Amino acid sequence: AGVQAVALPPFFRGRPPLPTPPPPPPPPPPPPPPPPPPPPPPPPALSLSLSPLPLQVPLYLSTLSSPLRLTMAKRIFGRVKGMPRPKTDSDWARLFNRHKILLPSIKRLELFCHRHGPGNTGVRLFKSDILPPIEHWNTDLDVHYHKELDKDKPCKPRVVAITHDDQKHEFTAAGLKARDILEKLKGL
């Protein structure tokens, strides 16, 4: 009376209904997360008072005659052609320890040079290659570098050093090499 017969497709006729499959088992619980790695040890404190190296000649004097040094267009402290630049504090500390230059009697240093022309090269190289370790090891030293850029203005290369007892020492650096300027400053 209110039930309609539904015609089944031919492959279902006379067969019992298929049982429903059981539900799948629950997935296993995820493994616990690994413990966090221990924190890295603190970096060692930077110490600039490393033991002196057995090499007594500063590195910049010993490498001036090396073929790598002569092929450079401009000498800059800490750069040697073909070698990596110092990047970490310990690299810089090692480099400065090899270039320990102390000028305890000088309190002010002034360098004068011209941008162009012969005779000025010694002061320019002194500024870029030798002056950084001098400034590092002599923290109370006041350094001023004057470079004349105008080609028409004459400027003779000279170095002015004022000692702690306020004596002024001035010498011309025309034709002097950077290491000769350093030796004159050490003699004050």
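**Helix and strand contacts in a predicted model**

Student: Which residues of α4 meet α5 in this predicted model?

Tutor: The model is predicted. On the α5 side, the contact takes in Ala178, Arg179, Ile181, Leu182 and Leu185. Facing them in α4 are Gly122, Val123, Leu125, Phe126, Ile130 and Ile134.

Student: How many residues of that contact are nonpolar?

Tutor: The contact of α4 with α5 includes one charged residue and one polar residue. The nonpolar ones number nine.

Student: Is α4 oblique or roughly parallel to α5?

Tutor: Helix α4 spans residues 121–137, and helix α5 spans residues 178–186. Their axes lie 8 Å apart, at an angle of about 55 degrees. Angles under 35 degrees would count as roughly parallel. The angle here therefore makes α4 oblique.

Student: Is the crossing of α4 and α5 left-handed or right-handed?

Tutor: Here the topic is how α4 passes α5. The crossing is right-handed.

Student: Which residue of β4 is the bridge partner of Val160?

Tutor: Strand β3, residues 158–163, pairs with β4, residues 168–172, in the antiparallel sense. Val160 in β3 is also the bridge partner of Glu110. In β4, its partner is Glu170.

Student: Which residue takes a positive phi in the hairpin of β3 and β4?

Tutor: Ile162 stands opposite Lys168 in β4. The hairpin has four residues between the strands. A phi near 60 degrees belongs to Asp166.

Notes: Residues numbered from 1 in each chain as written. Predicted model: local features only at pLDDT ≥ 70, side-chain atom pairs only at ≥ 80, totals over all residues. Heavy atoms only, no water. Pairing = 2+ DSSP bridges. Helix = DSSP H or I, 4+ residues; strand = E, 2+ residues; numbered from the N terminus. Axes fitted to C-alpha atoms, helices over the stretch in contact; angles between N-to-C directions. Parallel < 35°, antiparallel > 145°, perpendicular 65-115°, else oblique. Left-handed = near helix turned anticlockwise from the far one by under 90°. Contact = heavy atoms within 4.5 Å. Nonpolar A, V, L, I, M, F, W, Y, C, P; charged D, E, K, R; others polar.
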